Amino acid sequence: MPDHDIFAALRARTIAALAELLPDLPPDAYARVQMEPPRDAAHGDMATNAAMVVAKAAKQAPPKLAAALAEKLAGLPEVAAAAPAGPGFVNLRLREGFLRAQLPVILAEGLRYGDGTAGAGRRVDVEYVSANPTGPMHVGHCRGAVVGDALANLLAKAGYAVTKEYYINDAGAQVQALGYAAYWRYLQALGTTMTEDHYAQLIPGGLQYGGDYLVPVGAALRAEFGESLAAPDATYRFGMLGPDHWLEQVRRFTVDRMMDAIREDLATLGVRHDVFVSEAALVEAGLLEAAEQRLRDKDLIYRGVLEPPKGKTPEDWEPREQTLFRATQFGDEVDRPLRKSDGSGTYFANDIANHLHKLDRGFAELVHVWGADHGGYVKRMQAAVAALSAGTVPLDVVLTQIVHVLKDGQPVRMSKRAGTYVALRDLIEEVGRDAVRFTMLFRKADAQMEFDLTKVVEQSRENPVFYVQYAHARCRSVLRQAGDLPPGDLALAPLDALVDPAELALIRRLTAWPRTVEAAAIAREPHRIAFFLHDLAGDFHVLWNRGREDSTLRFIREDEPLSTRARLALVAATATVLRSGLAVMGVEPVEEMR
RNA sequence: GUCCUCGUAGCUCAGCCGGAUAGAGCACCAGAUUCCUAAUCUGGGGGCCGUGGGUUCGAAUCCCGCCGAGGACACCA
């Protein structure tokens with residue numbers, strides 16, 4: 001399939017040519033050979049470092065080898081000219097006919113153009129969002145959700161078999177606190193006269209989740225269980241029954257409700273996971289013990305006491321014996337506790353169980369999207385996966401930085417209740433799903449980002465969301481005017497009329513799509529897709545603007561049916577690649593701007 | 001104190017896992033344009049790539065030290 005990637009195709013041609021020149025070279029000498037667009041377009045369409053890379057093994061001077069290689073490559077049917085340059089590059093200029101011939105390829109493959117084989121069908125699990133099910137989603141979760149979703153789409157396009165996974169942290173103390181908070185709303189729903197302060201004193205850790213969003217859960221609990229979970233009370237009408245009688249049920253009930261809400265929030269973002277894995281279910285299934293045993297069998301577990309962290313010792317530090325995992329054998333700084341001094345499992349232990357669960361399902365690669373505040377957690381998790389998989393399964397972690405929400409350049413205040421962030425739903429309602437998704441992806445994931453509510457809906461070329469959407473809308477507008485010929489028709493159009501530099505520049509850009517997908521997938525960097533689309537839109541807008549000044553460059557010319565058809569093919573191919581990229585980003589291409 | 005991420009034009013950011021004279025947008029300067037292919041266009045100035053070393057044919061990119069920003073640092077999740 002990926003001979004639609006003309007860079008890969010010419011790279012293969014180059015290696016073949018080089019092998020003829022240097023028959024004694026082992027095949028692995030060519031591993032570092034690259035074929036890529038040169039930085040300066042004046043150098044040609046493609047450049048290869050081949051001569052420099054193999055020079056040492058070939059015992060030849062790079063420029064000399066480059067000259068010989070250029071001579072061979074010049075004879076290829078795709079190549080108009082080949083010349084040695086600089087310290088040993090070979091620059092290629094492609095035949096325009098070969099470039100134009102990519103348009104029917106694009107039109108024939110449609111949205112599949114750019115699909116790659118880099119993933120080779122390997123099964124990869126992409127875990128993202130995984131917000132605690134203790135409340136609705138807020139903007140803090142949003143970036144990870146969008147980046148993870150786009151990354152999963154990207155990997156699928158690059159030929160991986162992708163599973164989108166959400167890990168539900170429903171086993172810890174926080175979820176217990178959620179249960180207590182929901183129970184409070186339940187008592188209120190029953191009509192207790194107890195004060196919130198009094199209730200808070202009755203429960204461990206106090207009332208932690210005071211948000212209104214649990215009020216409906218309290219009502220639902222009442223509808224489900226009636227008065228059966230409460231104690232009749234002379235003073236308050238309804239008092240608290242011993243937690244043993246209700247906490248587990250309430251916790252489970254509430255987590256289900258929260259997950260429903262989270263799923264809804266994700267759906268408005270256009271995010272749909274394939275699999276939801278419950279931490280509590282893993283623990284119940286005994287995976288924690290299984291994981292521990294697995295590590296114990298490899299002699300990676302011992303009882304021991306950790307050193308206090310150097311430099312900054314917590315005040316309440318005291319030596320404690322814990323069950324430890326030999327993370328240092330896998331590149332971590334210190335060994336990590338699996339069990340607390342009281343014998344109960346740590347969060348890390350549960351997370352190891354989570355990863356064992358992934359490995360047992362046969363994934364060849366694991367990917368996580370985490371907030372940057374979990375950066376310190378990466379090494380130990382990679383250590384655990386390396387230990388459990390005997391180093392056969394890589395775990396890649398993509399960290400996303402904080403998003404600062406602005407409006408008119410001013411920071412948006414967090415709502416009055418401390419710790420409650422802007423709800424994701426409000427954000428989408430204000431600016432729309434597409435603007436949210438595009439903007440989140442128009443920046444490297446690990447770079448801090450400002451999200452200005454005013455700017456992302458601005459209709460000007462300074463707004464990349466608008467800029468790219470507008471390019472697609474213009475394409476569609478032209479194609480509609482021309483009567484929406486099917487791509488199969490346009491693929492047959494003679495293309496010799498496409499000679500303008502701006503037209504050829506656009507074609508060149510289009511042909512870089514497959515390699516962009518592959519490179520972005522390998523680097524796990526979905527933002528590259530956004531930047532590519534921005535560049536592509538730019539090339540198209542340039543062409544459009546030329547048509548405004550010079551009517552002979554317009555796409556549709558009544559008097560020139562031949563060039564019109566050729567240009568329609570170009571426009572249709574452009575629209576196709578734009579759609580293809582937007583699909584990876586999860587952004588809807590618009591038919592027209594309103 | 002240790003670790004992680006980062007430091008690129010005045011500002012916001014790219015720079016394709018070592019390549020040629022480091023790019024884009026905004027802002028600034030100079031021109032063009034009132035056109036329905038609406039929601040501008042063309043050109044220009046502007047950078048010891050934080051800093052000091054190292055690796056090699058070649059470093060913004062890889063390695064080490066330092067400076068600076070943000071984050072994480074036993075038994076939380």
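Modeller: In this predicted model, the side chains of S278 and D170 are joined by a polar contact of 2.6 Å. S278 belongs to strand β9, which covers residues 275-278. The side chain of S278 also reaches a backbone atom, the nitrogen of A280, at 3.3 Å. Once neighbours within four places in sequence are set aside, the contacts of S278 are with I168 and D170. The relative accessibility of S278 is 19%, and because buried means under 20%, S278 counts as buried.

As for the chain around this site, 50% of the 594 residues of chain A count as buried. The secondary structure of chain A consists of 22 helices and 17 strands. Along the principal axes, the C-alpha atoms fill a box of roughly 95 × 60 × 40 Å. Of the contacts in chain A between residues at least 6 apart in sequence, 74% join residues at least 24 apart.

On helix packing, α21 (residues 527-549) can be followed through its contacts with α17 and α20. Two packed helices are described by the angle between their axes and the distance between the axes. For α17 (residues 464-481) and α21, the axes come within 9 Å and cross at roughly 50 degrees. The two helices are therefore oblique to each other, and α17 passes α21 in a left-handed crossing. The residues of this contact comprise eleven nonpolar, four polar and two charged. On the α17 side they include P464, Y467, Y470, R474 and V478, and on the α21 side L533, H534, F540, W544 and R548 are among them.

By type, the residues of the contact between α20 and α21 divide into seven nonpolar, one polar and one charged.

Notes. Residues numbered from 1 in each chain as written. Chains lettered and ligands numbered in written order. Predicted model: local features only at pLDDT ≥ 70, side-chain atom pairs only at ≥ 80, totals over all residues. Heavy atoms only, no water. Axes fitted to C-alpha atoms, helices over the stretch in contact; angles between N-to-C directions. Helix = DSSP H or I, 4+ residues; strand = E, 2+ residues; numbered from the N terminus. Parallel < 35°, antiparallel > 145°, perpendicular 65-115°, else oblique. Left-handed = near helix turned anticlockwise from the far one by under 90°. Contact = heavy atoms within 4.5 Å. Nonpolar A, V, L, I, M, F, W, Y, C, P; charged D, E, K, R; others polar. Buried < 20%, exposed > 50% of the residue type's maximum accessible area, 1.4 Å probe, protein only. Polar contact = N/O pair within 3.5 Å; in protein donor to acceptor, adjacent residues only side chain to side chain.
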